[in-house]
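Trainee: Please walk me through the charged and nonpolar surface features of this model.

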Amino acid sequence: MNKGEKNMGNTEKRRPKRHRKRRMQRHKRSVLAVSAVVLLLFAVVSANSISLRAKEKEYLGQEQDLEQQIKKEKARAEEIEELREYVGTDQYVEDVARDKLGLVHENEIILKEK
């Protein structure tokens, strides 16, 4: 072997080391890029999760308010139904005649305040 062949052998050996070094640098950059994307996605998902939890609390509060309103309206509907039944009775007619028209039965005594 002469000197020229030895130098060629050394350059061939050096070339793959340089090539490996470049490949490793590219690989590191790729890993960093993928890691950055994953972290960005994690941040976005976390922010959306916090936002959704806040909305959930708000909606639960609204649901409780609406349930209370439903209970009140049901109670009011029962009162209205009782009043409707009372209005159809003779007792209601007598009460209105007494209060509004001042009518009394024949055998009743009226006491007036001074």
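**Salt bridges and patches**

Mentor: Arg-84 is exposed, at 55% relative accessibility. Buried means under 20% relative accessible area, exposed over 50% and partly exposed in between, with a 1.4 Å probe and protein chains only. This is a predicted model, where local features need pLDDT of at least 70, side-chain atom pairs count only at pLDDT 80 or more, and totals for chains, interfaces and linings use all residues. Residues are numbered from 1 along each chain as its sequence is written, and side-chain values use heavy atoms, with hydrogens and water left out.

Trainee: With which residue does Arg-84 form a salt bridge?

Mentor: A salt bridge is a side-chain nitrogen of Lys or Arg within 4 Å of a carboxyl oxygen of Asp or Glu. Arg-84 pairs with Glu-81, the closest N and O atoms being 2.6 Å apart. Both lie in helix 1, 3 residues apart, about one turn of the helix. Glu-81 is partly exposed at 32%.

Trainee: How many salt bridges does the rule count?

Mentor: The count is 2. Arg-76 also forms a salt bridge, with Glu-73, at 3.5 Å between the closest N and O atoms. Arg-76 is partly exposed at 49%, and Glu-73 is partly exposed at 45%.

Trainee: Which residues form the positive surface patch?

Mentor: Patches take residues with over 30% relative accessible area and no salt bridge, joining like charges within 9 Å and nonpolar side chains (Val, Leu, Ile, Met, Phe, Trp, Tyr) within 5 Å. The positive patch is formed by Arg-18, Arg-22, Arg-23, Arg-26 and Arg-29. Arg-29 is exposed at 57%. Leu-83, Tyr-86 and Val-87 make a nonpolar patch of about 250 Å².

Conventions: Accessible areas come from the Shrake-Rupley method with a 1.4 Å probe; for residues, only the protein chains shown count as cover. Lys and Arg count as positive and Asp and Glu as negative; His and the chain ends are not counted. The place of a charge is taken as NZ of Lys, CZ of Arg, CG of Asp or CD of Glu. Helices (H or I, at least four residues) and strands (E, at least two) are DSSP runs, numbered from the N terminus.
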